[in-house]
Amino acid sequence: MSGILYIVPTPIGNLEDITLRAIRILKEVDLVLCEDTSVTQRLFKDYDITTKTSAFYAQTGLKNIEKALGIKRGNIVGKFHGGDALALWRMYRATGDEYYLNLLVEYNEYDLINLKIVAEHCVKKLKEKMYAY
């Protein structure tokens, strides 16, 4: 399954909430990235999954990842944070002022552009990790 990235949701509370497809994919892939390997190992034990795991903390948010990688945004939208997108939308809806809509579009464009850069960086690092095994 090389060259394919799967994002597989796993149960938070009841382990029986996992799907058969999720179990199959977790068994077939070469590596599983997870936030907490000890929690993942309990899930793997219950479903006889032996795939290698590695910790990957994605909870820091896109803006923090961009900062760590030195990725820049435009002057105005570079000062925004996650909740600001919703505030821009609300301002646009309340006032009808295209300025807020244009800022929101620019903010989201940077998200898409930078997400691609972040994904490429992650793929590179994953390949390095996989080859290290």
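Asn114 lies in helix 5, residues 98-132. Helices here are DSSP runs of H or I with at least four residues, strands are runs of E with at least two, and both are numbered from the N terminus. This is a predicted model, in which local features need pLDDT of at least 70, side-chain atom pairs count only at pLDDT 80 or more, and totals for chains, interfaces and linings use all residues. Residues are numbered from 1 along each chain as its sequence is written, and side-chain values use heavy atoms, with hydrogens and water left out.

- Asn114 is buried, with a relative accessible area of 2%.
- Buried means under 20% relative accessible area, exposed means over 50%, and partly exposed is in between (1.4 Å probe, protein chains only).
- Leaving aside neighbours within four places in sequence, Asn114 is in contact with Glu66, Ile71, Lys72 and Arg73.
- Contact means heavy atoms within 4.5 Å.

- Helix 2 spans residues 37-46, and its buried residues are Thr40, Leu43 and Phe44.

**Val8, ahead of helix 1**

- Val8 is found in the segment before helix 1, which covers residues 20-28.
- Val8 is partly exposed, at a relative accessible area of 23%.
- Apart from neighbours within four places in sequence, Val8 is in contact with Ala22, Ile25 and Leu26.
- Ile23 is 15 residues from Val8 in sequence, and their C-alpha atoms are 9.1 Å apart in space.

**Leu31 in strand 1**

- Leu31 lies in strand 1.
- Leu31 is buried, with a relative accessible area of 15%.
- Leu31 and Leu126 are 95 residues apart along the chain, yet 9.0 Å separates their C-alpha atoms.

**Salt bridges**

- Side chains of opposite charge can pair when their charged atoms come close.
- A salt bridge is a side-chain nitrogen of Lys or Arg within 4 Å of a carboxyl oxygen of Asp or Glu.
- The structure holds two salt bridges.
- One of them joins the side chains of Arg24 and Glu28, at 3.1 Å from N to O.
- Arg24 and Glu28 both lie in helix 1, four residues apart, which is about one turn of the helix.
- Arg24 is partly exposed, with a relative accessible area of 39%.
- Glu28 is partly exposed too, with a relative accessible area of 37%.
- Glu120 and Lys116 also form a salt bridge, with their closest N and O atoms 2.9 Å apart.
- Both Glu120 and Lys116 lie in helix 5, four residues apart, about one turn of the helix.
- Glu120 is partly exposed, with a relative accessible area of 46%.
- Lys116 counts as exposed, at 53% relative accessibility.
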